[in-house]
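Trainee: Could we go through this model together and ask what lies behind each term?
Mentor: Gladly, let us start by looking.

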Amino acid sequence: MHLDHTHSGPAAVSADAHRPDGTRRALRVGLGGPVGSGKTATVAALCRALRDELSLAVVTNDIYTREDAEFLLREAVLPPERIAAVETGACPHTAIRDDISANLEAVEDLEDEVGPLDLILVESGGDNLTATFSKGLVDAQIFVIDVAGGDDIPRKGGPGVATADLLVVNKTDLAPYVGSDLARMAADAEAQRGELPVVLQSLRQEAGVRDVADWVRGRLAAWAA
Amino acid sequence: MSRAALLVLADGRFPAGGHAHSGGVEAAVRAGRVTAAADLAEFCRGRLHTTGLVSAALAAAAALGTDPVALDAAADARTPAPALRTAARRLGRQLMRAARATWPSPELDALARAFPKGAHQPVVLGLTARSAGLEPQDAAYCAAYESVGGPATAAVRLLGLDPFDATGVLARLAPELDRVADRAVEAAREVRDEGRLDALPAASAPLLELTAQAHAGWPVRLFAS
């Protein structure tokens with residue numbers, strides 16, 4: 001079912017690249033991954049890296065609190081009107097995959113209220129290895145795992161690890177302390193993902209979020225082209 | 001018309017945002033009023049004959065072709081708690097998106113334009129049924145069933161209730177659902193034939209209104225309402 005762009009009223013087709021007024025909407029990038037892998041910290045670092053060159057906003061999907069949104073507010077990574085929180089009713093994967101209506105409302109409201117925007121980051125609540133974003137909600141997705149969650153996660157694969165547009169292996173600085181083998185994680189990830197990119201990062205080291213920010217810039221250039 | 005459209009509309013997986021709402025059962029669980037299947041049955045029975053009946057009548061009236069803007073005002077008048085008005089409009093907006101994508105119609109477009117932030121969910125539900133070629137009674141059944149199906153699902157998540165018991169609660173409410181749907185259609189016909197909106201039932205559940213308002217202020221909760 002497709003409603004054409006001249007259709008008046010609020011947009012009804014989620015993946016439509018245009019807003020009701022005909023302008024191109026913001027690129028939407030989803031960040032998912034297990035609890036505690038560093039999604040919110042990565043979002044905060046991306047905001048700091050990109051906010052001077054792009055107009056951006058963030059949607060958080062907390063499971064049972066507003067903590068992720070409040071963390072971003074407290075860290076003042078963006079003005080408060082650019083951060084929206086969606087409540088997910090005990091099922092974070094439902095809100096990003098099976099019933100994306102609340103998240104679509106949040107991204108559209110952000111564009112209406114603080115737009116025009118270049119980029120909206122949609123952060124999932126921490127979930128399991130099968131949680132992926134609907135293509136009706138985001139244009140690209142990043143899956144964030146960390147070395148302390150077990151260095152066998154890339155080998156085990158699953159939809160997030162195997163199919164996300166970018167896999168981030170976070171907290172590499174902790175590898176020696178938790179006995180994780182970074183080379184093995186990278187090799188296993190490559191075996192699962194083929195040509196799809198993998199970034200190993202530590203937000204506590206100098207390079208920080210640089211590689212992920214560069215990847216986002218690349219997606220944005222392709223989106224705007 | 002295709003009667004099977006009712007199955008699509010009434011399916012809990014229909015992507016219209018309901019999964020994030022408990023219909024007041026989260027507050028009732030916290031207060032210790034719902035602890036097991038027997039309490040859940042009483043909770044659902046109470047909700048069915050109050051909120052459920054009002055919602056079913058609004059939905060049936062919208063499906064019969066009564067002015068949805070007037071029905072929205074009638075819904076407001078029957079929803080004292082601001083938190084529940086907000087939830088009803090948010091759900092109405094989410095349902096509107098799904099409805100316009102699945103059964104597009106000029107009437108849905110017009111209501112979306114009149115209420116860009118959402119009309120009351122039962123009104124949107126009735127108009128959705130109408131756009132799907134369904135009867136007022138189908139709309140009434142759908143609204144009445146939602147009024148108990150949502151809390152039952154939420155109770156399974158909140159209490160770790162045996163899902164077979166929760167489904168049994170719904171099955172045993174079936175004869176009452178029939179009666180509520182019949183009463184709702186009767187009222188909707190009276191509204192149409194006599195032009196009196198006050199023929200709509202105004203059965204209220206004060207405890208649901210009060211606890212919903214308190215629930216909206218909780219810092220930690222699993223459900224949006």
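**The sheet and a helix pair**

Mentor: In chain A of this predicted model, seven strands make an open sheet with parallel pairing, in the order S3-S2-S4-S1-S5-S6-S7.
Trainee: What makes S3 and S7 of chain A edge strands?
Mentor: Strand S3 (83-87) and strand S7 (198-200) of chain A each have a single partner strand, so one side of each lacks a neighbour in the sheet. From one strand to the next, the twist averages 20°.
Mentor: As for conventions, residues are numbered from 1 along each chain as written, with chains lettered from A and ligands numbered from 1 in written order. Local features need pLDDT of at least 70 and side-chain atom pairs 80 or more, while totals for chains, interfaces and linings use all residues.

Trainee: How do you know that S2 of chain A pairs with S3(A)?
Mentor: Pairing requires at least two bridges found by DSSP. Strand S2 (residues 56-62) of chain A has five bridges to S3(A), so the two count as paired. Val59(A) is opposite Ala84(A) in S3(A).

Trainee: Why are H3(B) and H8(B) called roughly antiparallel?
Mentor: Angles run from 0 to 180 degrees between N-to-C directions, on axes fitted to C-alpha atoms. Under 35 degrees counts as roughly parallel, over 145 as roughly antiparallel, 65 to 115 as roughly perpendicular, and the rest as oblique. Helix H3 (residues 37-64) and helix H8 (residues 136-159) of chain B cross at roughly 150°, with axes that come within 7 Å; H3(B) and H8(B) are therefore roughly antiparallel.

Technical notes: Helix = DSSP H or I, 4+ residues; strand = E, 2+ residues; numbered from the N terminus.
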